[in-house]
Amino acid sequence: MAVARLITQNFRNLQGNTIDFNSKLNFFIGDNGSGKSSLLEALFFLGHGKSFRTTKVESLVCYHQCKFVLSVKDDKNCQLGLSKELDTGNTLIKIDGQRRHRLSDLAKNIAIQIITPESFKLFFGGPKERRRFVDLGMFHVKHQFSDQWREFSRVLKQRNACIRNKVDDATLTYWTDLLCQHSQNVSILRREYTENLFTELKQWLNILLPSVNENISVQFTQGWPLKKELCQVYLDNKEKELQFGYSLYGAHKFDVKFMLSKQPLESHLSRGQQKLFLLALTFAQSSLMARVKRIKPILLIDDIGAELDENSRATLSTAIERLNCQVIVTAIEKSVIYPLIQQRSVEEYNMFHVKHGEVLPAKWNPADSDNVSEKVQ
Ligand SMILES: Nc1ncnc2c1ncn2[C@@H]1O[C@H](COP(=O)(O)OP(=O)(O)O)[C@@H](O)[C@H]1O
Ligand SMILES: [Mg+2]
């Protein structure tokens, strides 16, 4: 799907906006603090039922207001609505006027991926973010994953409680065996998905970062030593797990690392290159999602000027063209987006100005080109 219209009411500083999107490219230009990231946050919230910046709902409701309301209409006229009340904490979700109770009902309908200036630090910073990234793709591409993951999480919780409460051996063995089975199931799916993702990644690196494509490899860690049976690992580490009070091994500990000539990728690449790598990976994931054909992913890129020089923005433009999904970009300066619009007709993108929480349609004026460097023109 593509977002055709977004309505915001009292979401951060976006008090009341109705925004009509282009099905391909959309640009939001505005000063620091104008509300650009909040706008992406609103779209992200509709796709994930949470923010990418905070876990506190009270931060999302406009100051002195008691609730926020978000709604989107897609290009097939399907309507998703979400409101969140501060006092009660209640969330009201509606899809085409029908009340829904689970946030995952939203996530099934809209696949939002985001890249912010912090994304690459988080991604290269630790396994948690990498797990989150891969599992989002799994959710949309491998449909059995949600059920398997839910079941795995339930069993993990039970086993952790058993370890914490130091239950009898028979009970612990029961939950350990179940966790072994579920870890295996999840791991098989994840490995398969990671292999597909890596193949796809190489296509996108060809466009965005060809210099690293030759020597790149992926290291998949399943969450326990590769050559050992998980049940044996649990047996060998029984005392250690009792000390820690939770399951130290299993599918929840999986990781996927990218290596360049057998070294961690991030130790070789500049920050700009790391960002391009992450863009290539996100494009790869989006292509896999789009291939499943249930939904079309929507890509949000916050502050496109951060870390990316003009050439990188020009190659990014080529990649966006190839991806053929809806892309929503924010920038502080209008001139920054020139490499992305110079080859496009005005029908292919919408542009907006964001000012003090107000989003207004804008246009590229010939005079704007005066601020663009010679190289890009
Ligand atoms: N709950 C809120 N209510 C009203 N304004 C808010 C709230 N939370 C943050 N803001 C303000 O909203 C503005 C927009 O922030 P942000 O979207 O991050 O700006 P940008 O990405 O354009 O730099 C900031 O000035 C911030 O102080
Ligand atoms: Mg911002």
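Begin with the hairpin of strands E5 and E6: five residues lie between the strands, and Gly-89 takes a positive phi near 75°. Keep in mind that this is a predicted model.

Now select residues 79–85, strand E5, and residues 91–95, strand E6. The two strands pair in the antiparallel sense, over five bridges. Pick Leu-80 and look across: Ile-95 of E6 stands opposite.

Stay on Ile-95. Which residue of E7 is the bridge partner of Ile-95? Select Gln-98. Strand E7 covers residues 98–100 and pairs with E6, again in the antiparallel sense, over three bridges. The hairpin of E6 and E7 has two residues between the strands. One to click is Asp-96, with a positive phi near 50°.

Next, move to helix H11, residues 310–323. The helix has 14 residues. From first C-alpha to last, H11 reaches 20 Å, close to the 20 Å expected at 1.5 Å a residue.

Show the side chains of Leu-316, Ser-317, Ile-320 and Leu-323 in H11; these residues are buried. Why are they on the same side of H11? They cover an arc of only 125° around the axis, which puts them there.

Now bring up the neighbours.

Finish just after H11, at Asn-324, which takes a positive phi of about 60°.

Terms used: Residues numbered from 1 in each chain as written. Chains lettered and ligands numbered in written order. Predicted model: local features only at pLDDT ≥ 70, side-chain atom pairs only at ≥ 80, totals over all residues. Pairing = 2+ DSSP bridges. Helix = DSSP H or I, 4+ residues; strand = E, 2+ residues; numbered from the N terminus. Expected span 1.5 Å × (residues − 1). Buried ≥ 20, exposed ≤ 12 C-beta atoms within 10 Å, placed from the backbone. Arc of directions from axis to C-beta.
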